[in-house]
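The following note concerns the pairing of charged side chains. Please read each point with the structure in view.

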Amino acid sequence: MSAGAERARRLGLPITLGSVFAFLLGGLALGSGEALLHSANSNEFCYGCHSIEMNTRGEYEASSHFHNPSGVRASCADCHLPQDGALALAWAKAKAALDVIPEFTGKLSTPAKYEAHRGEMAQAVWEEMRDNDSAFCQSCHGFAAMNLAAQERRPARHHARARESGQTCIQCHYGLVHKLPENADEMVERIFATN
């Protein structure tokens with residue numbers, strides 16, 4: 001047997017074992033990372049921020065997304081985070097980590113300060129929903145799944161027109177869960193005028 005073949009035979013087992021170990025370690029890291037991402041999707045996690053607990057928890061818990069006749073409850077993550085894969089969720093969580101900065105700097109530390117910034121926060125969310133065609137809404141409320149015949153006449157007419165014209169949910173349905181900023185109608189009109 002040649003020296004190269006002998007060396008390959010001697011290294012074969014350690015390389016194979018090392019590869020298996022690296023594969024298992026990588027799988028464990030991916031699995032635990034995804035589990036960590038999903039554990040940070042609970043309402044309790046969101047309520048951990050002082051400004052959320054103080055300003056928006058009550059709004060959410062008084063909304064039809066929390067209490068409704070069907071008993072279906074949308075969580076904070078259902079409306080504010082992607083539902084289509086770990087990579088999209090990780091990217092959204094990385095961007096959301098920046099939301100902690102106002103908590104530490106005191107920018108939102110009182111109801112008055114929160115109200116002073118409500119408009120800019122709402123605008124950022126509405127622009128994101130415009131850009132992703134209200135994807136988070138549509139994970140529960142897709143046009144394709146709507147039974148327009150079972151809806152009251154006015155909503156059925158509006159939904160049919162919205163589907164035909166390519167409108168997205170947030171163009172009409174804003175302020176369903178959270179209190180609206182003072183100039184919400186003008187903001188939404190401006191957001192969709194620039195699209």
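Is aspartate 131 buried or exposed?

1. Aspartate 131 is exposed, because its relative accessible area is 57% and the cut-off for this class is over 50%. The model under review is a predicted one.

2. Aspartate 131 takes part in a salt bridge with arginine 130, and the closest N and O atoms lie 2.9 Å apart. Arginine 130, by contrast, is buried, with a relative accessible area of 17%.

3. Side chains of opposite charge can pair when their charged atoms come close. Over the whole structure, the search identifies seven salt bridges.

4. One of these joins arginine 57 to glutamate 61, with a distance of 2.9 Å from N to O. Both residues belong to helix 3 (residues 50–61), where they are four residues apart, or about one turn of the helix. Arginine 57 is partly exposed, at 27% relative accessible area, and glutamate 61 is likewise partly exposed, at 26%.

5. A further salt bridge links glutamate 115 with arginine 118, whose closest N and O atoms are 2.8 Å apart. These two residues lie in helix 7 (residues 111–131), three residues apart, so about one helical turn separates them. Arginine 118 is buried, with a relative accessible area of 6%, whereas glutamate 115 is partly exposed, at 32%.

Terms used:
Residues numbered from 1 in each chain as written. Predicted model: local features only at pLDDT ≥ 70, side-chain atom pairs only at ≥ 80, totals over all residues. Heavy atoms only, no water. Salt bridge = Lys/Arg side-chain N within 4 Å of Asp/Glu carboxyl O. Buried < 20%, exposed > 50% of the residue type's maximum accessible area, 1.4 Å probe, protein only.
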